[in-house]
Amino acid sequence: MEFGEKLQELRKNKGLTQEELAELLYVSRTAVSKWESGRGYPNIDSLKEISKYFSVSIDDLLSGEKLISIAEKENKSNIQNMCDLLSGVVDIFSFILIVLPLYPKTVDGYVYSVNLFAYNEIASIKHIIYWIAFISLIMLGIVKTLLMRLKPDKSYRILTDISIVVNTLIVLLMALTREAYAVIIAFSLLMIKGLLLLKRVRNE
């Protein structure tokens with residue numbers, strides 16, 4: 001007997017509807033319907049709850065091979081979620097391009113390093129472009145981090161692509177304007193995001 005059939009039988013023996021079982025397991029009714037029809041399997045936590053509620057062992061519900069498959073899938077999903085979260089945090093961390101003394105300012109013939117607030121050695125239009133670029137990257141990071149709870153995979157990927165494009169443009173902008181310290185920081189952030197994206201893709 002397949003898992004879906006076993007679950008359906010256990011549920012009916014308890015006199016529960018799919019919706020009632022879903023409430024007990026803190027999942028959607030659609031999830032229970034999907035499990036019972038054989039179109040998917042619960043994660044490890046849900047399996048534990050099912051096992052506990054119906055007083056059966058997980059081995060009675062699933063074969064060892066299928067259980068290993070679910071565990072591997074869940075592990076990959078956890079790695080992907082961690083990479084996504086860290087990618088958003090890296091974008092938020094771009095605020096260091098604003099607050100750190102990365103930009104040169106000449107005072108009485110001496111060159112000092114100042115943050116973006118005090119940086120007025122460039123034309124105002126460039127200053128505005130810097131602010132727009134950095135704030136855009138930070139906002140993308142905040143939105144990506146908030147979206148993690150909703151898990152809209154397609155939207156998240158679009159935002160990640162935009163984030164990488166913006167970060168790349170910032171690196172090019174910093175290089176063209178010869179902001180040596182800033183370009184190192186911006187490039188480092190871009191490389192970290194690239195590595196996280198590569199790690200995520202490898203776990204898909």
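**First stop: a buried glutamate**

Select Glu-36, which counts as buried because its relative accessibility is 10%, under the 20% limit for that class. The model is a predicted one. Glu-36 belongs to helix 3, which covers residues 29-36. Display its surroundings next: leaving out residues up to four places away in sequence, Glu-36 touches Gly-4, Glu-5, Leu-7, Gln-8, Arg-11 and Gln-18.

**Second stop: Asp-60**

Move to helix 5, residues 58-61, and select Asp-60 within it. For a view across the sequence, select Leu-16; Asp-60 and Leu-16 are 44 residues apart in sequence and 20 Å apart in space, C-alpha to C-alpha.

Select residues 124-147, which make up helix 8. Helix 8 contains 24 residues, and the distance from its first C-alpha to its last is 34 Å, close to the 34 Å expected at 1.5 Å a residue. Its buried residues include His-127, Ala-133, Leu-137, Gly-141 and Lys-144. An α-helix has 3.6 residues a turn, so residues three or four places apart point the same way.

Lys-144 counts as buried because its relative accessibility is 0%. Which side chain is joined to that of Lys-144 by a polar contact? The partner is Asp-91, at 2.8 Å. Apart from neighbours within four places in sequence, Lys-144 is also in contact with Ser-87, Gly-88, Tyr-156, Leu-159, Thr-160 and Ser-163.

In soluble globular proteins, nonpolar side chains tend to be buried together. The largest nonpolar core of this model has 29 residues, and Leu-97, Tyr-103, Leu-116, Phe-134, Ile-170 and Met-174 have the most contacts inside it. Helices 6, 7, 8, 9 and 10 each give two or more residues to this core. Helix 8 gives the most, with seven residues. Select Met-174 to look inside: among its contacts beyond four places in sequence are Tyr-103, Tyr-130 and Phe-134. A second, separate core of 16 residues includes Leu-21, Val-32, Phe-54 and Leu-61.

Select strand 1, residues 103-107, and strand 2, residues 110-114; the two run antiparallel and are joined by five bridges. One of the pairings sets Val-107 against Tyr-110. The strands form a hairpin with two residues between them, and Asp-108 in the turn has a positive phi of about 50°.

**Last stop: aromatic pairs**

How many aromatic pairs are there? The count comes to seven. Select Tyr-53 and Phe-54, an edge-to-face pair with centres 5.0 Å apart and planes at 85°. Tyr-53 is partly exposed at 31% relative accessibility, whereas Phe-54 is buried at 9%. Next select Tyr-103 and Tyr-119, a stacked pair at 5.1 Å centre to centre and 25° between the planes. Tyr-103 lies in strand 1 and Tyr-119 in the loop between strand 2 and helix 8, so the pair ties together parts 16 residues apart in sequence. Both Tyr-103 and Tyr-119 are buried.

Terms used: Residues are numbered from 1 along each chain as its sequence is written. This is a predicted model: local features need pLDDT of at least 70, side-chain atom pairs count only at pLDDT 80 or more; totals for chains, interfaces and linings use all residues. Side-chain values use heavy atoms; hydrogens and water are left out. Helices (H or I, at least four residues) and strands (E, at least two) are DSSP runs, numbered from the N terminus. Buried means under 20% relative accessible area, exposed over 50%, partly exposed in between (1.4 Å probe, protein chains only). A polar contact is a pair of N or O atoms within 3.5 Å; within protein, one must be able to donate a hydrogen and the other to accept it, and residues adjacent in sequence count only if both atoms are side-chain atoms. Contact means heavy atoms within 4.5 Å. A nonpolar core is a set of buried Ala, Val, Leu, Ile, Met, Phe, Trp, Tyr and Cys residues joined through side-chain atoms within 4.5 Å. Two strands pair if DSSP finds at least two bridges between them. The expected span of a helix is 1.5 Å times one less than its number of residues. Rings of Phe, Tyr and Trp (its six-membered ring) pair if their centres lie within 6.5 Å; planes under 30 degrees apart count as stacked, over 60 as edge-to-face and the rest as tilted.
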